[in-house]
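I set out to record, entry by entry, what I looked up in this structure. The sequence and the model come before my notes.

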Amino acid sequence: MGRRTTITLIKCDVGSLPGHHVVPKVLLDIGRKRLNQAKKEGLINSYYVFHAGDDLELLMTHDKGENSPEIHSLAWDTFLEATEKAKKLKLYGAGQDMLKDAFSGNVRGLGPGVAEMEIEEREADPIVVLAADKTSQGAFNLPLFRIFADPFNTAGLVLEPTMMEGFKFEVLDQKERSRAILKCPEEMYELIALIGSTERYVISHVWRAVDDLICVATSTTKLSMIAGRYVGKDDPVAIIRIQHGLPALGEVLAPFLHSYFVEGWMRGSHWAPIMPVSLKDSRCTLFDGPPRLLALGFQVTEGEIVSDEDGNPLIYDLFDDPAFDLARRECVEYASIIRRMGEFEPARLPESYMEYTALSKVLEKLKDRFHPV
Ligand SMILES: [Mg+2]
């Protein structure tokens, strides 16, 4: 039996500037200070603080398991302190995702997004974290399908005997608040039938079929469901385990050779091409976008993110690479095409998606102007 280690990524939009652009250093420093203190006290083993656009992201490894009240409370308190600072500085959207006042042991359902995975450490445990800004949870459906079920993306599905047994996908129905597990390749068509509806069905976990090894955990927070109104997009995160009978690093990154369309962008109300970017370009500009996606790679050993001699975690910025220039260029080209449509569908999301946006206020305003025909 290998060592059991939990990887937790909790994120929250606590305020940014200018507008919905980036988390300023002063808030990142609050994250670093709090997590450094928690590491000294032995609550967590290692950490890395970063931002995906306007979202403050706390990546931690620890021994407390998933849904630990101590770990969730550490994140909640960190976001509270960052919110106070953001309010003092009058940053934009200060405390935007902090939707509830009372913390009761778990940040799920309170606003922050969480992806967590308790693993039994293998001989080597390489991990990739995805973090997106200005989009919704369903943005990961297409690449996760391609990584774990599409042999045209992942050679291991054809060449590696343990992977040939396939993978199990947990699909969350965000409308009915229910879940189902589908197995590929046997139920590939049924899986696509569901997860092609990205606004309703989202992949929340993936396991290797041969031994139920956990390989993916995503955040599945739907902010509008908590708040009952539009409060910004969910900006999902995912933790993906790779190699040793799982997709290789390059197979996890291969779907991002091309851009594709996701929900989000300006006021969370548009179809948008997604752009894989490095940490330095993790900031939305054009029409509050295009939605940006980060991929960070690291390894976990003896409960910690492997670090250098000075104790700095070795985190690799995987999209900081000319191999993704084509996707970035495609993204800008798609953006220029679809923005010509303004607020006409299909540039704007269909009405069924717009329930929690400003459109509902416009419809309310006009409701007495309609008469039977
Ligand atoms: Mg955001």
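**Entry 1. A pair of helices**

At what angle do α3 and α6 pack, and how far apart are their axes? I noted first that the model is predicted. I then found that α3 and α6 pack at an angle of about 165 degrees, and that their axes are 11 Å apart. Because angles over 145 degrees count as roughly antiparallel, α3 is roughly antiparallel to α6. I recorded the crossing of α3 past α6 as right-handed.

I next looked up which residues meet between the two helices. From α3 these are Asn 141, Phe 145 and Ala 149, and from α6 they are Met 188, Leu 191, Ile 192 and Ile 195. I recalled that an α-helix has 3.6 residues a turn, so residues three or four places apart point the same way.

Is helix α3 mostly covered or mostly open? I found that α3, residues 141–149, is mostly covered, with nine of its nine residues buried. Among them are Leu 142, Pro 143, Arg 146 and Phe 148. I also listed what covers these buried residues: the cover includes the strands β6 (167–173), β7 (178–184), β8 (201–208) and β9 (213–218), together with the helices α6 (188–195) and α8 (249–253).

How many residues of strand β2 are buried? I counted seven of the seven residues in β2, which runs over residues 46–52. Both faces of β2 are covered. One side carries Ser 46, Tyr 48, Phe 50 and Ala 52, while the other carries Tyr 47, Val 49 and His 51.

I then examined the partner of β2. Strand β3, residues 55–62, pairs with β2 in the antiparallel sense over seven bridges. I noted that Leu 58 in β3 is the bridge partner of Val 49, and that Tyr 48 stands opposite Leu 59. In the hairpin of β2 and β3, two residues lie between the strands, and Gly 53 takes a positive phi near 60 degrees.

**Entry 2. The sheet and its helices**

In what order do the strands of this open sheet stand? I read the order of the four strands as β2-β3-β1-β4, with antiparallel pairing. The edges are held by β2 and β4 (113–120); each has a single partner strand, so one side of each is left without a neighbour in the sheet. From one strand to the next, the twist averages 15 degrees.

I looked next for helices against the sheet. Helix α1, residues 25–40, packs on the sheet and touches β2 and β3; its direction makes about 165 degrees with that of β2. Helix α2, residues 69–88, lies across β1 (4–12) and β3, and runs at about 150 degrees to β3.

**Entry 3. The whole protein**

The C-alpha trace spans about 70 × 50 × 40 Å along its principal axes. Buried residues make up 46% of the protein. Of the contacts with a separation of 6 or more, 70% join residues 24 or more positions apart.

How values were computed:
Residues are numbered from 1 along each chain as its sequence is written. This is a predicted model: local features need pLDDT of at least 70, side-chain atom pairs count only at pLDDT 80 or more; totals for chains, interfaces and linings use all residues. A residue is buried if 20 or more other C-beta atoms lie within 10 Å of its own, exposed if 12 or fewer, and partly exposed in between; C-beta atoms are placed from the backbone. Two residues are in contact if their C-beta atoms, placed from the backbone, lie within 7 Å. Two strands pair if DSSP finds at least two bridges between them. Axes are lines fitted to C-alpha atoms, for helices over the stretch in contact, and angles run from 0 to 180 degrees between N-to-C directions. Angles under 35 degrees count as roughly parallel, over 145 as roughly antiparallel, 65 to 115 as roughly perpendicular and the rest as oblique. A crossing is left-handed if the near helix is turned anticlockwise from the far one by less than a right angle, and right-handed if clockwise.
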